[in-house]
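Sequence and structure first, then my entries.

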Amino acid sequence: MFDSLTEKLSKAMKALRGQSKLTESNIDEALREVRMALLEADVHVAVARTFLTRVKEKALGAEVLQGLNPGQAFIDIVHKELVEIMGGQADEKPLSFAAQPPTVVMMVGLQGAGKTTTCGKLAKFLKKNGSSPLLVPADVYRPAAIEQLHVVAKDAGIPSFHHESKNPVEICEAALKEAKLKGWDVVILDTAGRLHLDETLMAELSRIKAACEPSEILFVADAMTGQDAVRSAGSFHEQLGITGVILTKTDGDTRGGAAFSIKQATGRPIKFTGSGEKLDDFERFHPDRMAQRILGMGDVLSLIEHAKDKIDEKDAERLANRMAKNQFTLEDMRQQFQQVSKLGSMTKIMGMLPLPGITKEQKEQMAGLATDKRMKHLTAILDSMTPKERANHNLLDAKRKRRVAGGSGRSVQEVNQLIKQYLEMKKMMTQMNDPKFMTRMQRMAGAMKGGGMGSPF
Amino acid sequence: MALFTGLIDKFRQGLRRTQEVVLRPLGHLLGLKKLDEDQLLELEDLLLQADLGVHAVDRLMLRLRFELKRSNEIDPKAILKDELLKVLHQQPTRPFVAPSTQVVLLVGVNGVGKTTTLGKLAAHLKGRGEDVLVVAGDTFRAAAIDQLELWGERAGVPVIRNQMGGDPAAIAFDGATSAKAKGTHWVLIDTAGRLHTKDHLMKELDKIRRSLQKVIPDAPHRVLLVLDATTGQNGIHQAEAFKQAAGVTDLVLTKLDGSAKGGVVVPILERLKLPIAFVGVGEGVDDLIPFDADAFVDGLLDV
Ligand SMILES: Nc1nc2c(ncn2[C@@H]2O[C@H](COP(=O)(O)OP(=O)(O)OP(=O)(O)O)[C@@H](O)[C@H]2O)c(=O)[nH]1
Ligand SMILES: Nc1nc2c(ncn2[C@@H]2O[C@H](COP(=O)(O)OP(=O)(O)OP(=O)(O)O)[C@@H](O)[C@H]2O)c(=O)[nH]1
Ligand SMILES: [Mg+2]
Ligand SMILES: [Mg+2]
């Protein structure tokens, strides 16, 4: 029922195609599509509205740069605005440190958001960057929460604080003393999950804040959160004055519009994202990637992340590098095919790829390769080529193609189809790696329609 | 720097506008007998805020517009309630009775409240005098077993476990075997949180299923998908994937004590026709109550 957001945006662009100026009337249709995209991504209604007003203002005055059509110019504005609001270029230091150590970092948020896990991730991250953190279990409510943090700490190779008090404020104060004594320079407080509506428990956080004077109060939020993100984040901020946000569980297929809502509701930067249950699944926040994700433009990085579970990580990395350098060869394609059989759910992966102009059916057809027996045929063809031919497809003249066809028991036509498919893939990858990808979407859509994308299948 | 302060101002502005909308109650619109275009748009926004999703809201608005054309005066609240209840009443939940050993599997994405729900359910069943065995099927997350054991203590029911990192299918098998031998009424199986996009983890659920069936052929009798009420449209993907991979029979909606109303169950039930068995309304042992569609819809329309 939900068209992919990518399709919506291509539709929005189509509405503007062939028009030379961005005007009130031609923008409105496109804005409606963007609104839909934002809402389906769980961006808060009011946040979406404010955003669209802003985009409209920008777009109406905008000059359409040479080489762009209005549709491209519009999408470019939408994307740029979203990136800017979500934090622009993430270049500053992610955390502020106290002038006088130890620096106190307080983790807060709703139940189950991922605070305890994130404490371990952050501690590990800081340790890698030269700090010596101490983890402090200040959740005396949830069954086994303290034990959980000790286990996480052990996994992370970070010391954790032991104390028999049942009072979170006392525990935190004692931990601070201990840190000063023993020279731990960062103290990370894992607080219990709580509702922003719970006055008693919110007051407890204020008391911890007053007692420990944290340099950072980080609101940990689940990337799958819906419209409520504005309320919960806004309320934590109002009651506590958060300094930043960590967005967890980005490893799924959520569009993550909550990131935008939270940013708007608090004005505080999103500093990190959690992308898995393991302690290394933790990265600096990339507004650019997040904007693409919210807009449903797919992202080759999340594609790789998804495949990571199944594909040998080294292979994936190597492939990513080759894609980045535009060195994708038939040999890579062959190896990719071998991986594909391990991958299983290609449909999902195809869904993540930014392929405007390719219909869902076509994607499914392409995904169908994974199980199709043609997969075997294609692999047989590739196997029959020499390594040199796989490294450079230009070597494959008519004579060599006949040899390959004979060797694999397939027809020359099939060999040709495979090469065509390879070239399409190569082109896709070039597009995805181009920072100006946005402005190329339309051209690509045109090329796809003209080209034989559907034909090999 | 100027750019920076400019941005901050924009944020503030955004926030103010956001709050205005967030705080404006739905009630005044629902009490009106006629709605003009602006009011309809406002109502639409408010409904969207309940996580009902674009599609469901479109449908609701269509019905309202239709009724507005048809008659001079309408009762928006009654119309919306009617539409929503139609969806929610589609599939009644089967009662939790145990003529023979019943196996219940709890599944869902990370942190939604599976273990807590299991603890509450165990206490409830035990409280009405039935035997319960709890199986620690989350052998992955830090201290998941300890957490479940504490819930077992709270509920006064035994917990069967193996070591961390052990095979969940194996412990599920042991649990079912022991319960069958003793004629225990209920076997409640906790599972590790997993994102529905992770195929290998989803397959693990099927493995648990199959190992249960070696002992009790028609197990698991209930597969409860636990959904967090704060979840947005991603809940739809969750429900579809878990239904397919684990044969979900019922939904449990947790954290309804927060400010989120769990509207995403509406588009979910439009597609999947599943009953909602329980809702979670807190962290205490008694905070699990049967789903009441009427009260739920009132909550949705009270944003
Ligand atoms: N897939 C995924 N799971 C995560 C991520 N971060 C945390 N989790 C999981 O989410 C669940 C809840 O995490 P916790 O760290 O216990 O959350 P919490 O906020 O401390 O929970 P409370 O203390 O009960 O409020 C666990 O199953 C974690 O493994 C993430 O980035 N990705
Ligand atoms: N306010 C509120 N909190 C709840 C409710 N149900 C569960 N929680 C809290 O949510 C957090 C996560 O609950 P768990 O039961 O550990 O969730 P889980 O799904 O087992 O988590 P993983 O096993 O890590 O995937 C805990 O802090 C619970 O106390 C509820 O109905 N209301
Ligand atoms: Mg915790
Ligand atoms: Mg659990």
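**Ground rules.** I'm working from a predicted model, where local features need pLDDT of at least 70, side-chain atom pairs count only at pLDDT 80 or more, and totals for chains, interfaces and linings use all residues. Residues are numbered from 1 along each chain as its sequence is written, while chains are lettered from A and ligands numbered from 1 in the order in which they are written.

**Chain A, overview.** I found 21 helices and 7 strands in chain A; these are DSSP runs, helices being H or I with at least four residues and strands E with at least two, numbered from the N terminus. How much of chain A is buried? I get 51% of its 457 residues, where buried means 20 or more other C-beta atoms within 10 Å of a residue's own, exposed means 12 or fewer, partly exposed is in between, and C-beta atoms are placed from the backbone. I also looked at contacts (C-beta atoms, placed from the backbone, within 7 Å). Among those in chain A with a separation of 6 or more, 76% join residues 24 or more positions apart.

**Helix α2(A).** This helix covers residues 24-40 of chain A, and its end C-alpha atoms are 24 Å apart, which agrees with the 24 Å that 17 residues should span at 1.5 Å a residue. The expected span is 1.5 Å times one less than the number of residues. Its buried residues include I27(A), A30(A), V34(A) and L38(A). Just past α2(A), I noted D42(A) with a positive phi of about 75°.

**Helix α6(A).** Here 12 residues (145-156) reach 16 Å from first C-alpha to last, close to the 16 Å expected. I146(A), L149(A), V152(A) and A153(A) are among the buried ones. What do the buried residues of α6(A) pack against? They meet α5 (115-128), β2 (133-138) and β3 (186-191) of chain A.

**Where the chains touch.** I count 44 residues of chain B in contact with 47 of chain A. On the chain B side, α1(B) gives the most, with 9 residues. That side divides into 15 nonpolar, 19 polar and 10 charged residues; Ala, Val, Leu, Ile, Met, Phe, Trp, Tyr, Cys and Pro count as nonpolar, Asp, Glu, Lys and Arg as charged, and the others, Gly among them, as polar.

**Ligand 1.** Which residues come nearest to ligand 1? Of the 27 around it, G114(A), G193(A), G274(A), N110(B) and G111(B) do; near means a C-beta atom, placed from the backbone, within 6 Å. The site is shared between chains, because residues from both A and B surround ligand 1. α5(A) supplies the largest share of the shell, 3 residues. By class I get 5 nonpolar, 14 polar and 8 charged.

**Ligand 2.** Ligand 2 also turned up between chains A and B. It has 28 residues around it, the closest being Q111(A), G113(B), T116(B), G193(B) and G280(B). Helix α6(B), residues 114-127, gives the largest share of this shell, 3 residues. The shell's classes are 6 nonpolar, 14 polar and 8 charged.

Methods. Contact = placed C-beta atoms within 7 Å.
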